[in-house]
Amino acid sequence: MLLNALTKSFLPIARCTGKLVQRRKCHSVFGLQDLLRQEKPEQFSITAITSAEHEKAIEVLKEHYLNEHVLVQSRMMRLNDDRAIDEYLIGLLRQGNSLFIKTEDDQVAGICVSYASSPVDLRNLRNYAFYRQDPNTKDFLNFTAKLQETPNLWVLFKEPKIYEIKMITVKPEYRRQGLAVMLVEKSMAQAFDQGYKVIRMDCINQYDYKVAERCMLSCLTRFPLHKLHGTNQPYIKKDSKYNRFVRVYVEARIQGDQPDKVRFRQRQDIESLIE
């Protein structure tokens, strides 16, 4: 009854050879799944990812995060079958700061991978990339390291470790319900509970920055991804249709001499931070 009422109320009526436009196309306006969810919202729970769930976490990340990554799309990379990427992801998950969001029937709806990093982790990541044979894997890992230190928040905030919300994705069938916001808020609370003072979230597509802003993070800087250079050339070309800006969002709880963002931007040219 609800769907019939909505169909009659919202479908534009047009004459086409004496007949009405086909009503079955009304679902393209709202979406049947969205209507049903509004009638009966699903309940979700957030849990820490255990070691027994690492394989499932990697599966979700490869299918719904890596395949939608700007660098992977722009370079048409194939990373799904590379064991080196699995080992990198497992290294992140082992720290124990990553989260699943699940439905009532224990189905994974989304994932948030967070990691408290230090400058030593960047050197280790670059060393790990150096010995990889696949050039795509090598570039992906080096791009990740370059992004982590642009700008260098360890120096800026004088903190030995920065808590990074590194990877966040929600399965397509569960999107547009605020699950990403729930994951980020939970991860931030977890970081401050553990004593970390600075949280970082790098937003490299057209949607995730909205999540950061809803979680009240502050945009520290914004610059085009083609400014990040590899050994011989930019990781992403300026004319790439996937070229987008990266926005670096930060939430800091520093007592005393906290860096002021305005003075910081005046003091250092942003190009020096990128190059």
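Predicted model: local features only at pLDDT ≥ 70, side-chain atom pairs only at ≥ 80, totals over all residues.
Strands β3 and β4 run antiparallel and are joined by eight bridges. Strands count as paired here if DSSP finds at least two bridges between them. Strands themselves are DSSP runs of E with at least two residues, while helices are runs of H or I with at least four, and both are numbered from the N terminus.

Residues are numbered from 1 along each chain as its sequence is written, and side-chain values use heavy atoms, with hydrogens and water left out.

## The sheet

Where does the β3–β4 pair sit? Seven strands form an open sheet, in the order β1-β2-β3-β4-β5-β7-β6. The pairing is mixed. The edge strands are β1 (45-48) and β6 (218-224), and each of them pairs on one side only. On average, neighbouring strands of this sheet are turned by 25 degrees against each other, direction ignored. Angles between axes, in contrast, run from 0 to 180 degrees between N-to-C directions; the axes are lines fitted to C-alpha atoms, for helices over the stretch in contact.

β1 pairs with β2 (residues 99-102) in the antiparallel sense, over four bridges. Ile46 stands opposite Ile101 in β2. Next come β2 and β3, also antiparallel, with four bridges. Here Ile101 has Gly110 in β3 as its bridge partner. β2 and β3 form a hairpin, with five residues between them. In the turn, Asp106 has a positive phi of about 70 degrees.

How many residues of β3 are buried? The count is 10 of the 10, so β3 is largely enclosed by the rest of the structure. Buried means under 20% relative accessible area, exposed means over 50%, and partly exposed lies in between (1.4 Å probe, protein chains only). In a regular strand the side chains alternate between the two faces of the sheet.

Contact means heavy atoms within 4.5 Å. Helix α10 (residues 179-193) lies across β1, β2, β3, β4, β5 (198-203) and β7 (245-252). α10 runs at about 160 degrees to β4.

## A helix pair

Two packed helices are described by the angle between their axes and the distance between the axes. Take α7 (residues 119-130) and α8: their axes come within 8 Å and cross at roughly 165 degrees. α7 and α8 are therefore roughly antiparallel to each other. The classes are under 35 degrees for roughly parallel, over 145 for roughly antiparallel, 65 to 115 for roughly perpendicular, and oblique for the rest. Among the contact residues are Leu122, Leu125 and Tyr128 of α7, and Leu141, Asn142 and Ala145 of α8.

Thr137 lies in helix α8 (residues 135-148), Ile162 lies in strand β4, and His69 is found in the loop between α4 and α5 (70-74). Their accessibilities are listed below.

| Residue | Relative accessible area | State |
|---|---|---|
| Thr137 | 1% | buried |
| Ile162 | 1% | buried |
| His69 | 6% | buried |

What does each one touch? The lists leave out residues up to four places away in sequence. Thr137 touches Leu79, Asp82, Ala84, Ile85 and Arg132. Ile162 is in contact with Tyr115, Ala116, Ser117, Leu153, Trp154, Val198 and Arg200. His69 touches Phe140, Phe143 and Ile204.

Ile162 and Ser117 are 45 residues apart along the chain, yet their C-alpha atoms are separated by 5.5 Å. For His69 and Met167, 98 residues apart, the C-alpha separation is 9.9 Å.

## The whole protein

The protein has 13 helices and seven strands. Of its 275 residues, 46% are buried. Among contacts between residues at least 6 apart in sequence, 73% join residues at least 24 apart. The protein exposes about 16,000 Å², and carbon and sulfur atoms supply 49% of that area. Accessible areas come from the Shrake-Rupley method with a 1.4 Å probe; for residues, only the protein chains shown count as cover.
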